[in-house]
Amino acid sequence: MKQAHCIYQDEDHRWLAIARDTTKPGYIIDTNEYVVIHGEEALLCDPGGIEIFPSVFSALSAECDPTRLAGIFASHQDPDIISSLALWLEFKPDLKCYTSWLWQSFLPHFGGQDSTFVPIPDSGVTIRLDGLELQAIPAHYLHSSGNFHLYDPKAKILFSGDVGAALLPADHNELYVQDFSRHIRHAEGFHKRWMGSDRAKRDWCERVSRLEIDMLVPQHGAIYQGADVQRFINWFAALEVGVLRS
Amino acid sequence: MNAPEPNFHGIAPRTGELARIVRVNEEIKAIVATAFRINLMALNAIFLAKRAGNAALGFGVLSNELRRFAQDLTRHMASLREMTSGSVGSVTGVVQQQRIAAILAEALRLSGDGVPGAREARRRGATRLAEQQVRLRSLDLRLRAAVEETQQLVELGGVLARSAKIEAAYGGSFSAALMQVSTDFAEVIAQIKRSLEVLGKERLVKD
Ligand SMILES: [Fe+2]
Ligand SMILES: [Fe+2]
C-alpha cells in the first residue's frame with residue numbers, strides 16, 4: 001500500500017509525497033504522487049494511473065481531507081500521469097485539471113469535460129492555491145512536447161515530472177536519494193531514452209539552476225535534496241540524451 | 001513489509017453487456033442477409049411463374065407477395081439495427097460507470113469509514129448509474145417490441161410460403177420446379193424464425 005509522507009511543512013503549507021508502492025502489480029511502473037496543501041485547498045500533482053487510484057486515494061485521505069482538492073496538475077499526457085482523471089472527477093466533479101494547452105483535447109479521453117481543463121500556455125502560468133503562488137514552468141520535450149514542472153518558491157520544491165526519474169530495483173525503497181552516484185545509475189538509461197532534445201535539456205538546466213531549490217521531486221524514484229539537486233542538474237546537463245542505445 | 005492488500009482486481013466487473021449487443025447485431029445481420037436471399041428467390045419465382053403461364057397464376061401472385069414481404073423484413077431489420085447501434089453508446093456508458101464506481105468504492109473502503117465527501121460521491125455515482133440503466137432498459141423494451149413486430153411479419157411470410165406450396169401442386173409441368181422454390185421459401189423463413197427467437201431472448205440489461 002502506498003503511504004503519504006510529509007516532506008515539507010510550514011504551518012498550513014504542506015507537501016505530501018505518496019511514494020514507493022511495494023504492493024502494486026509488477027507490470028505497472030512505480031510512480032510518485034505529490035500533494036501541495038495550502039490553507040483550505042490542495043493540489044494533486046500527477047495523480048497517476050487508474051490501477052493505483054485506490055491506493056493513492058487512501059494514502060491521500062489518511063493525511064488530508066480529499067474534499068479540499070481544488071485541482072490536479074498534470075505535467076504531461078502519459079497514462080502513468082493522468083489516466084486516473086475520471087476517478088478523481090467521480091469523487092469531486094468540479095476539480096480543475098491544469099495541463100499544457102497541447103493536451104487539452106487529448107486528456108478528455110481519460111475523463112472530464114471542457115470546463116475541467118485549464119490549459120497552460122507554452123510560457124507557463126501561475127497557479128494559485130488559497131493564496132499560495134505556484135509556478136508551472138516550461139519543460140517541453142523533456143520528455144513530452146507539452147510538459148510542465150511545478151515550482152513552489154516558498155517551500156523551494158520543484159516537482160520535475162519525469163525529469164530526475166529513476167527506475168529503482170524493488171528493494172530500493174528509500175524516499176530520498178542516499179548515495180547520488182549509486183542512485184543516478186538507475187536514472188541514466190531512462191533519461192537517455194526518454195528525453196529527446198538536447199537543446200531543451202540545456203535550456204531547462206540553465207533556467208532551473210537559477211531557482212532556489214531545496215528538493216527536486218520526480219514522478220519516479222527517490223527525491224533529490226540539498227546538494228544532490230545541483231548534482232542532478234549538472235549530471236543531466238552533461239548527459240547525452242535522445243539516444244536509442246547507450 | 002506490508003501484506004498485499006486485496007485490491008479491485010478481485011472485483012468482477014459486470015461485463016458481458018457489450019458482448020450481448022454484439023450477439024444481437026450478428027443475429028440481425030444474419031436475418032438481413034436471409035431477407036436479401038428471399039428477395040432474390042421471389043424474383044426468380046416471379047419469372048418462373050411467368051414462364052409457367054396460366055398454370056401458375058396463383059403462384060405468381062404469391063411470389064409477388066413474398067417479394068414485398070422480403071422488402072418489409074429488410075426495412076424492419078434496418079430499424080432494429082439502428083436501435084442496437086445506438087445502444088452500444090448507452091451500454092458503454094453503463095460499463096464505464098460500473099468500472100469507475102467499483103474502483104472508487106475500493107478506494108473509499110481502503111480509506112476507512114468517514115472519509116469526507118465519500119457519501120456524496122457514492123450517491124452521485126449511484127444516481128448516474130441508475131439513470132443510465134433506465135435509459136438502457138427502455139431501449140431494451142423498444143428492441144423487444146420491435147422484434148415481436150417482426151415475428152408477426154414473419155408469421156405472415158410463413159403463411160405465404162405454405163400457400164405457395166399448395167399453388168405449386170397446380171403448376172402442371174412446372175409443378176416440380178415450383179414445389180422446389182416454395183420448399184426453399186419455407187426453409188428460409190423457418191431459419192429467420194429461429195434467428196428472431198434467439199433475438200427475442202437477448203436482453204441488453206440483466207434484470
Ligand atoms: Fe512520461
Ligand atoms: Fe512518468
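How are the donor residues of the iron ion (ligand 1) spaced in sequence? They follow H-x1-D-x64-H-x18-D, and the notes below start from there.

1. **Ground rules.** What you're looking at is a predicted model, where local features need pLDDT of at least 70 and side-chain atom pairs count only at pLDDT 80 or more, while totals for chains, interfaces and linings use all residues. Residues are numbered from 1 along each chain as its sequence is written, chains are lettered from A and ligands numbered from 1 in the order in which they are written, and side-chain values use heavy atoms, with hydrogens and water left out.

2. **Iron ion (ligand 1).** His76(A) and His143(A) each give NE2, and Asp78(A) and Asp162(A) each give OD, at 2.0 to 2.2 Å from the iron ion (ligand 1). Donors here are N, O and S atoms within 2.8 Å of the metal (3.2 Å for Na, K and Ca); water is not among the atoms, so sites may look incomplete. Why is the arrangement around the iron ion (ligand 1) irregular? Because its 4 donor atoms subtend angles of 85 to 172°. For reference, four donors count as tetrahedral if all angles lie between 85 and 135 degrees; four count as square planar and six as octahedral if opposite donors are over 155 degrees apart and all others between 65 and 115; anything else is irregular.

3. Asp162(A) coordinates both the iron ion (ligand 1) and the iron ion (ligand 2), which are 3.5 Å apart.

4. Helices (H or I, at least four residues) and strands (E, at least two) are DSSP runs, numbered from the N terminus. His76(A) and His143(A) are both buried, that is, under 20% relative accessible area, with exposed meaning over 50% and partly exposed in between (1.4 Å probe, protein chains only). Asp162(A) and Gln219(A) are buried as well.

5. As background, most residues other than glycine have a negative phi, and most peptide bonds are trans. Tyr141(A) counts as partly exposed, at 47% relative accessibility. Lys156(A), in the loop between β10 and β11 of chain A, has a positive phi as well, near 60°. Its relative accessible area is 23%, so Lys156(A) is partly exposed.

6. **The seven-strand sheet.** Chain A has an open sheet of 7 strands in the order β1-β2-β3-β4-β5-β6-β7, with mixed pairing. Two strands pair if DSSP finds at least two bridges between them. At the edges are β1 (3-10) and β7 of chain A, each pairing on one side only. β1(A) runs antiparallel to β2 (residues 13-19) of chain A, joined by 7 bridges; across them, His5(A) has Ala17(A) as its bridge partner.

7. Strand β6 (residues 96-100) of chain A is mostly covered, with 4 of its 5 residues buried. β6(A) runs parallel to β5 (residues 69-73) of chain A, joined by 3 bridges, and Gly71(A) partners Lys96(A) there. With β7 (residues 117-120) of chain A, β6(A) pairs in the parallel sense over 4 bridges; Ser100(A) stands opposite Ile120(A).

8. **The interface.** The contact (heavy atoms within 4.5 Å) takes 24 residues from chain B and 21 residues from chain A. About 1800 Å² is buried between the two chains, with carbon and sulfur atoms giving 69%. Buried area is the accessible area (1.4 Å probe) that two parts lose on being put together, summed over both. Ile100(B), Leu104(B) and Pro116(B) supply 22% of what chain B buries against chain A, more than any other three residues.
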